[in-house]
Amino acid sequence: MSKQLHLNAFEMNCLGHLAHGLWSHPADQRRHYTDLSFWTNLAKLLERGKFDAVFIADVLGIYDVYGEGKEPAVRNAVQIPANDPSLVIPPMAAVTKHLNFVVTSATTYEHPYAFARRISTLDHLTKGRIAWNIVTSYLPNAAQNFGLDTMIGHDERYDIADEYLEVVYKLWEGSWQEDAVLTDKKNRKYSDPSKVHSIRHKGNYFNVQGPHLSEPSLQRTPVLYQAGTSPRGKVFAARHAEGIFIGGTDTALMKKQIADIRRQAEEQGRDPAQLKFFTGLTPIVGATKEEAQRKLEEFTSYYLHEGGLVHFSSGSGYDLASYAQDYFDGSGNNHVQSAMDRFSKNALNPRTVKEIIASLSKIGSMGLVAVGTPEEVADRMEQLVEDVGLDGFNIMQVVSPGTLEDFVDLVVPELQRRGIYRKEYQEGTLREQLFGQGNRLLPASHPAASFRELSVNSS
Ligand SMILES: Cc1cc2nc3c(=O)[nH]c(=O)nc-3n(C[C@H](O)[C@H](O)[C@H](O)COP(=O)(O)O)c2cc1C
């Protein structure tokens, strides 16, 4: 394999992210997610393992579709309690030099002006180590928490997201010219007002005058990740995303989606090499095959099936506590549509509702799982990259930090021995680490670049 692998650790600022119930395993430390040291220790571990980034998911409401109430989610700690994803980044940045941070934020609820400033602040504090995972959200309760009775329709959420991106591109790329900051102590001029521009955005969803309050950070626009591969999601990804997080376990479908997004990006004049594809992988590693298998069985005994059902029900929009048909009928389409592409009757490999419920009793049911020796796990990763066209993985955890410790100590050296994973970090921003030196900013072929013209056309 000639490609170099990229690795993110998949995280969330909460007790129960994906491995529902595993917080009660004796070795698990997730109950300390409210402590700074949980995050600084994680960051140091990941930098030791030369990880690209910690990728932090987020939600803005509770998972209350299953059983039509909050009790199952709260009882099983399914992403509740959950704290803010961005505030743990500065302490992690303070104890590392190269590790990067992907923060998830939905375009449906928070205003882009405030969000753009928070990201610029993070990009300044980390010296260009920030990415944004752009999502549109899928929880009805999130809509209710932000003043709506029901969720905005699926495709309209993406229309809002497109305009949101236009606003933040104007703020990040167009508001401050590159030479606007003078730092001229002699003449007591910090910035040149003629080079700091209002953006005067008036759109269907947002009106923003500007200018951006933050001076330009190293990357200006953070590295843009996206998750969601519905037909509308793919159009959005092809236009904006530099990193795409593809979910699920159906590798034939992933391969199709990757080819589709790369083709659409190329049609829009983007270089398909400027898009990197990731999927979720849960590694369970042992010195021998038998030891790895024993670990899996032990972990499974702590896993809560009901937690998996709660998670899936809100993701898909189907209440698995009461759904009576053999196959999903497509009515869950306002939630995560790409989940429906995998599970409905029209899926490439359709599964019955009964089969789906059974699969949710297993560890790692939200992504791929690799159980075995370090060599076997590395083999599987290499094969997936070659067969599916992936560029890397979001490593999903079962016990924290045990899963990542095993991976760093056992699998990383094997990947390095094979020459497919860095032994040392490259200097530079996250975008440069992903796309090579000199790529601090988005390329001219990216739609954000057109908003640099703002500085020429306005004042
Ligand atoms: C792999 C994957 C990870 C996702 N992570 C999140 C997340 O952390 N927070 C969130 O609000 N939505 C998340 N989403 C859903 C996105 O909000 C997405 O924009 C929305 O549900 C539409 O997805 P779709 O294009 O597949 O229909 C994720 C979706 C996928 C497929």
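I160 is found in helix 6, where helices are DSSP runs of H or I of at least four residues and strands are runs of E of at least two, numbered from the N terminus. I160 is buried, as 20 other C-beta atoms lie within 10 Å; a residue is buried at 20 or more such atoms within 10 Å of its own, exposed at 12 or fewer, and partly exposed in between, with C-beta atoms placed from the backbone. The model is a predicted one, in which local features need pLDDT of at least 70 and side-chain atom pairs count only at pLDDT 80 or more, while totals for chains, interfaces and linings use all residues. Residues are numbered from 1 along each chain as its sequence is written.

**Helix 6**

- Leaving aside neighbours within four places in sequence, I160 is in contact with T107, T108 and Y205; two residues are in contact if their C-beta atoms, placed from the backbone, lie within 7 Å.
- I160 and Q209 are 49 residues apart in sequence, and their C-alpha atoms are 18 Å apart in space.
- D162 is also found in helix 6, which covers residues 154–174.
- D162 counts as partly exposed, because it has 18 C-beta neighbours inside 10 Å.
- The C-alpha atoms of D162 and F236 are separated by 7.4 Å, although the two residues are 74 residues apart along the chain.

**The chain as a whole**

- The secondary structure of the chain comes to 16 helices and 13 strands.
- Along its principal axes, the C-alpha trace spans about 70 × 50 × 45 Å.
- Of the 459 residues in the chain, 52% are buried.
- Among contacts between residues at least 6 apart in sequence, 76% join residues at least 24 apart.

**Packing of helix 8 and helix 13**

- Two packed helices are described by the angle between their axes and the distance between the axes.
- Helix 8 (residues 251–267) and helix 13 (residues 374–388) pack at an angle of about 50°, with their axes 9 Å apart; axes are lines fitted to C-alpha atoms, for helices over the stretch in contact, and angles run from 0 to 180 degrees between N-to-C directions.
- Helix 8 is therefore oblique to helix 13, since angles under 35 degrees count as roughly parallel, over 145 as roughly antiparallel, 65 to 115 as roughly perpendicular and the rest as oblique.
- Helix 8 contributes T251, M254, K255 and I258 to the contact, and helix 13 contributes L384, D387 and V388.
- The residues of this contact divide into 4 nonpolar, 1 polar and 2 charged; Ala, Val, Leu, Ile, Met, Phe, Trp, Tyr, Cys and Pro count as nonpolar, Asp, Glu, Lys and Arg as charged, and the others, Gly among them, as polar.

**Surroundings of the ligand**

- The ligand is surrounded by 20 residues, of which the closest are G228, G233, G247, Q337 and S338; a residue is near a molecule if its C-beta atom, placed from the backbone, lies within 6 Å of it.
- Strand 3 (100–106) and helix 11 (337–343) are the elements that give two or more residues to this shell.
- By class, the shell has 8 nonpolar, 11 polar and 1 charged residues.

**Backbone geometry in loops**

- Most residues other than glycine have a negative phi, and most peptide bonds are trans.
- A cis peptide bond with omega of about 5° joins I80 and P81, and P81 is placed in the loop between helix 2 (71–75) and helix 3 (89–94).
- G210 and P211 are likewise joined by a cis peptide bond, with omega of about 5°; P211 is placed in the loop between strand 8 (207–208) and strand 9 (223–227).
- R220 is found in the loop between strand 8 and strand 9 and has a positive phi near 55°, though not a glycine.
- R220 counts as buried, because it has 26 C-beta neighbours inside 10 Å.
- R200 has a positive phi of about 45° although it is not a glycine, and is found in the loop between strand 6 (189–191) and strand 7 (201–202).
- R200 is partly exposed, with 13 other C-beta atoms within 10 Å.

**An exposed loop residue**

- S322 is placed in the loop between helix 10 (305–316) and helix 11.
- S322 is exposed, because 10 other C-beta atoms lie within 10 Å.
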